[in-house]
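This report walks through a few features of one protein model, from charged pairs to rings and strands. Please keep the sequence and the structure in view while you read.

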Amino acid sequence: MTKEWTGACSMKGMYGVDTMAKGNEKENRTEKLIRELPKGLLKWYPFHENSRTLFVADRTEQGEVLLEALAEYDMEVDCKSPNEIVLGDSLEAEIRYEYIVLVGVLERRKDPEALLAALRDRLTPRGRLLLGIDNRLGIRYFCGDRDVFTERNFDSIENYARINMSDMEMMGGRAYARAEIVQMLEAAGFRWHRFYSVLPQLERPQALYAEDYIPEEELDVRICPQYYSPDTVFLEEERLYTTLLQNGLFHAMANGYFVECPIDGSFCHVNQVTISMDRGAENALVTIISRDDTVIKKALYAEGQEKLTQLLENTTDLKNHGVHMVNAELKDDIYVMPYVHGEPATDYFRRLLRSDVELFLKELDRFWEIIQNSSEHVPYEAVDWEY
C-alpha cells in the first residue's frame, strides 16, 4: 500500500521541534502496531516447544505476519502454499507435523475439502490442525458490513444466492457458516474439533470464546467492532452481544472462528482469551481463563514482562492498604490467579443505575472510598505535576 502526501513540508516550531518528523515517527509506530495485530490469533495458543509446524498460506502481508508469530515460538516452522500441499510429491508427503496452521485460506480455495484431506495425512498421531476462518453469518454482516469478496451487502448471509457462476469464479473466494465448516472438516477425517468464536474479526482479534463457554460479563465494553466497510454499517454491533448470548446465537453469529482439530481429541484447556495488542509491545498482554478456573496473564513480547512484575507489586501494595485483592503469583514469568465467579463491577454499577439510582450513588461513594484509601495521601504542593 502506498500513500500520497499533498503539500507536505517540514516545519520547526519555536522550540526547534521538527513537527513533521515527530508526526512521521508517530505514524510509523501506529502502522507497526496495526501490522502486529493479526498475531493475536496465534500468540495465546500453548504450542509445545521443539515441535515441527507447517504454516499454509498464500503470499500476503497477513500471511507474513502470522508466519512471524509462529517463528517467535521455539519451534521448527515450514511454510507452504496451498497448491504445494495438494500437489505435493511423495517425498514431502512423508513429513509429519505436530501442528498445521492455516488462516484465511479455505475461503479462497475452490477445493477446500481436498486441501483439508491432504493436511490430515500430514499430521502425527498427536498432531492438530489450527484453522482460522471467517463466518458468513457473522454479526457484522447483519449490521451492514459488506462482504469481503463481493463488496456488496448481505451476499454471505444469503449464501451467495444472487451470484452467478461466472461471477463466482472472479470473486476470489467465499465465506462459510459453522455447519458447512464442520461438514468439510469431518469429510476430511477431522473427527474432533472445538470452535472458538473470534471478535471483532480474524485480522484484529480482541477476544476468543470457546463454543461451550458463555462469558460472564457484558461485552460492549470489551469489544471494539472493526469493519471492512464501516460507511455501510447501520447497527451498533456491540449493543447486540447480550441479546445474542441470552438467546443462544452468540457463537453461531461470531464474526470468525479459530478451530482446534486434534487427531487424538485432546483439546487445550482454554475457555476465554482476551488479547491487548493495541497498546504497544511493552503493554501487550493476553489474559486466559482456563477450564479449571485458573486465570493467567502472559506478556506477548519480552518488553512486556516488566508489566507483569509491576502488576504483582501493585497487587501487594493494594493489599497493604486494606484493599481486598485476588491472590496472585508469578510462575515462570506468567501471572497466575484463581477465577472469581461473580458480577463484574462495571456490570454491577450499570445495573444499579438502571434499577436503583439512590443505591447506585451509595455504592459509587463506597467505591470512591476504596480508591482514596488505596495509596498514601500527600500535600498538593508535594506533587511534581509537570512530571
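Does Glu68 count as buried, partly exposed or exposed? With a relative accessibility of 30%, Glu68 counts as partly exposed, where buried means under 20% relative accessible area, exposed means over 50% and partly exposed lies in between, using a 1.4 Å probe and protein chains only.

The model is predicted, so local features need pLDDT of at least 70 and side-chain atom pairs count only at pLDDT 80 or more, while totals for chains, interfaces and linings use all residues. Residues are numbered from 1 along each chain as its sequence is written, and side-chain values use heavy atoms, with hydrogens and water left out.

**Salt bridges**

A search of the whole structure finds 28 salt bridges, a salt bridge being a side-chain nitrogen of Lys or Arg within 4 Å of a carboxyl oxygen of Asp or Glu.

| Pair | Closest N and O atoms |
|---|---|
| Arg35 and Glu68 | 2.9 Å |
| Lys39 and Glu68 | 3.4 Å |
| Asp145 and Arg140 | 3.3 Å |

In the salt bridge between Arg35 and Glu68, Arg35 belongs to helix H1 (residues 19–36) and Glu68 to helix H3 (residues 61–71), so this pair ties together parts that are 33 residues apart in sequence. Helices (H or I, at least four residues) and strands (E, at least two) are DSSP runs, numbered from the N terminus. Arg35, at 26% relative accessibility, counts as partly exposed.

Glu68 also forms a salt bridge with Lys39. Because Lys39 lies in the loop between H1 and helix H2 (40–43) while Glu68 lies in helix H3, the pair ties together parts that are 29 residues apart in sequence. Lys39 is buried, with a relative accessible area of 2%. Through shared partners, salt bridges join Arg35, Glu36, Lys39, Lys43, Glu61, Glu68 and Glu72 into one network. As for the salt bridge between Asp145 and Arg140, both of its residues are buried.

**Aromatic rings**

The whole structure holds 16 aromatic pairs; rings of Phe, Tyr and Trp (its six-membered ring) pair if their centres lie within 6.5 Å, and planes under 30 degrees apart count as stacked, over 60 as edge-to-face and the rest as tilted. Tyr45 and Phe47 form an edge-to-face pair, 5.0 Å centre to centre with 65 degrees between the planes, and both Tyr45 and Phe47 are buried. Tyr45 also forms an edge-to-face pair with Tyr99, at 6.2 Å centre to centre and 85 degrees between the planes. This second pair links distant parts of the chain, since Tyr45 is in the loop between H2 and strand E1 (52–56) and Tyr99 is in strand E3 (residues 97–103), 54 residues apart. Tyr45 has a relative accessible area of 3%, and Tyr99, at 3% relative accessibility, counts as buried. One aromatic cluster is formed by Trp44, Tyr45, Phe47, Tyr73, Tyr99, Tyr196 and Phe258.

Charged ends also meet rings: that of Lys43 sits over the ring of Tyr301, 5.2 Å from its centre, and that of Arg178 sits over the ring of Phe195, 4.3 Å from its centre. A charge sits over a ring if NZ of Lys or CZ of Arg is within 6 Å of the ring centre and within 35 degrees of the ring normal.

**Strands and helices**

An open sheet of 12 strands, with mixed pairing, has the order E2-E1-E3-E4-E7-E5-E6-E8-E9-E10-E12-E11, where two strands pair if DSSP finds at least two bridges between them. Its edge strands are E2 (76–80) and E11 (329–331), each of which pairs on one side only. Strands E5 (residues 194–199) and E6 (residues 207–210) run antiparallel and are joined by four bridges, and the bridge partner of Ser197 in E6 is Tyr209.

H3 lies across E1, E2 and E3, running at about 170 degrees to E1, and helix H6 (residues 112–120) lies across E1, E3 and strand E4 (123–134), running at about 150 degrees to E4. Here contact means heavy atoms within 4.5 Å, and axes are lines fitted to C-alpha atoms, for helices over the stretch in contact, with angles running from 0 to 180 degrees between N-to-C directions.
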